[in-house]
Every structure is written in C-alpha cells, then in structure tokens.
Amino acid sequence: MARYTGSVCRLCRREGLKLYLKGERCYTDKCAIDRRAYAPGQHGQARKKVSEYGTQLREKQKARRVYGVLEKQFRAYYEEANRRKGITGETLLQILESRLDNVVFRSGFAASRPEARQIVKHGHILVNGKRVDIPSYLTQAGDVIAFADNSQENPRVKELLESAESKAVVAWLERDLNTKSARIVRVPSRDEIDVPVAEQMIVELYSR
C-alpha cells in the first residue's frame, strides 16, 4: 500500500502546528516546528494571502497527514461518511478514528500513529483473537485489540507496554495492561476527538 516516505517534520511545518508524527521527539526541543516555525521551502517565510479554497484545502491536508492517509483513500472515507446518517464531518473523523492503527495509538501502545501503523503491518496485533496486519482495517464498538503472545517478547513492544502505564487512555476505550489489550467501548463523540481540524471545511471542499 502506498504511503508518504518523506520527512514528516516538513508536514508539521507546512501545516503550521505539531501533528505529533515523530512520537516522543515532538515533545522535546528537537521538534522542527519549535526551531523553524514557518513553512518549508524557499518561500516558506513569505506572507501569503490564503483564499477560501486554500483554507479548506489546508484543513483537508492537515487531517490526511494526522492520520497518515493518502488522497484516494481519504476521499473514499469522505464518500462513506456522506452516505451514513448524521453530520458528515463528524462521521468522517469517527471513521478515521476507527482505523486499527489509530486505535493502537489511542490505546497508548505506540508513540505515534506512524509507529502504530508499523506495529500493525508487522503482524503484532490481534483483533478479536485474529491477527490483522492492515493498518486501515476499520474497527467497531465491542472489538478487542491485543498484542499477539509471541510479539510481547519483542524488545520494542516491551518498551511500549512499559511506557503505556504512564499514558492516559481516551474515554471511548478500555485498556487492560494485564492482558495487553484494549476494548472499543463505543464510537467517540466529536468533543472526544482532539484533532485540530475544522471538518466542516473539508465537507465544503468536497462539496464544490
């Protein structure tokens, strides 16, 4: 599956805020946006007047980059959200939050979403007792994710499980560190999704 392989720090600088794509590094003084808080490139420091379309585009790009989704798949998520009942923008975020790599990250079992994606692709995660190695797999309320028994001896997995003890878990998940698992209690509400995205602008962009 295609994915972005360039510098993720450039993405944060382009959006003008921390997207927390590098995990623990984002909380240190090594974070690129703390050192150079302007867009990358030759004209990054120039002041530009942004159109309404440009603002909508930036919100869409921001959401894509937070969740690590390319354009074709993101558009498919929007179309699915538009078909469902409810507020399209909020439903779109709920779909993105239900991705398996995001649930692993939200459970505190990875330092960042990119790392959670890697953990899933390497086959470390079980969903309802079955191994799933597709980061974009959409989970549902009631699903239980857990580390496979043979993965718990992996040195990096051990580090992540130890650090998970000090991490809070979101209200729509229940985590059990004894069984190295987390259960999805329900679909998160909009105020429980702490992603700095104006989702209505994304709806307006795709409605053009």
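This is a predicted model: local features need pLDDT of at least 70, side-chain atom pairs count only at pLDDT 80 or more; totals for chains, interfaces and linings use all residues.
Helix α3 covers residues 52–67, 16 residues in all. From its first C-alpha to its last it reaches 23 Å, close to the 22 Å expected at 1.5 Å a residue. Of the 16 residues of α3, 12 are buried, so the helix is largely enclosed by the rest of the structure. Just after α3, G68 takes a positive phi of about 70°. Y67 also has a contact on its ring: R113 lies over the face of Y67, 4.9 Å from the ring centre.

The count of aromatic pairs comes to 3. One of them, formed by F74 and Y206, is tilted, with 6.3 Å centre to centre and 35° between the planes. F74 belongs to helix α4 (residues 71–83) and Y206 to helix α9 (residues 199–206), so this pair ties together parts that are 132 residues apart in sequence. Both F74 and Y206 are buried. Together with Y78, these two residues form one aromatic cluster.

In the pair of F109 and F147, the ring centres are 5.3 Å apart and the planes stand at 65°; because an angle over 60 degrees counts as edge-to-face, the pair is placed in that class. Distant parts of the chain are linked here, 38 residues apart: F109 lies in the loop between α6 (100–106) and α7 (113–121), and F147 in strand β3 (residues 144–147). F109 is buried, with a relative accessible area of 1%, and F147 likewise counts as buried at 2%.

Notes. Residues are numbered from 1 along each chain as its sequence is written. Side-chain values use heavy atoms; hydrogens and water are left out. Helices (H or I, at least four residues) and strands (E, at least two) are DSSP runs, numbered from the N terminus. The expected span of a helix is 1.5 Å times one less than its number of residues. Buried means under 20% relative accessible area, exposed over 50%, partly exposed in between (1.4 Å probe, protein chains only). Rings of Phe, Tyr and Trp (its six-membered ring) pair if their centres lie within 6.5 Å; planes under 30 degrees apart count as stacked, over 60 as edge-to-face and the rest as tilted. A charge sits over a ring if NZ of Lys or CZ of Arg is within 6 Å of the ring centre and within 35 degrees of the ring normal.
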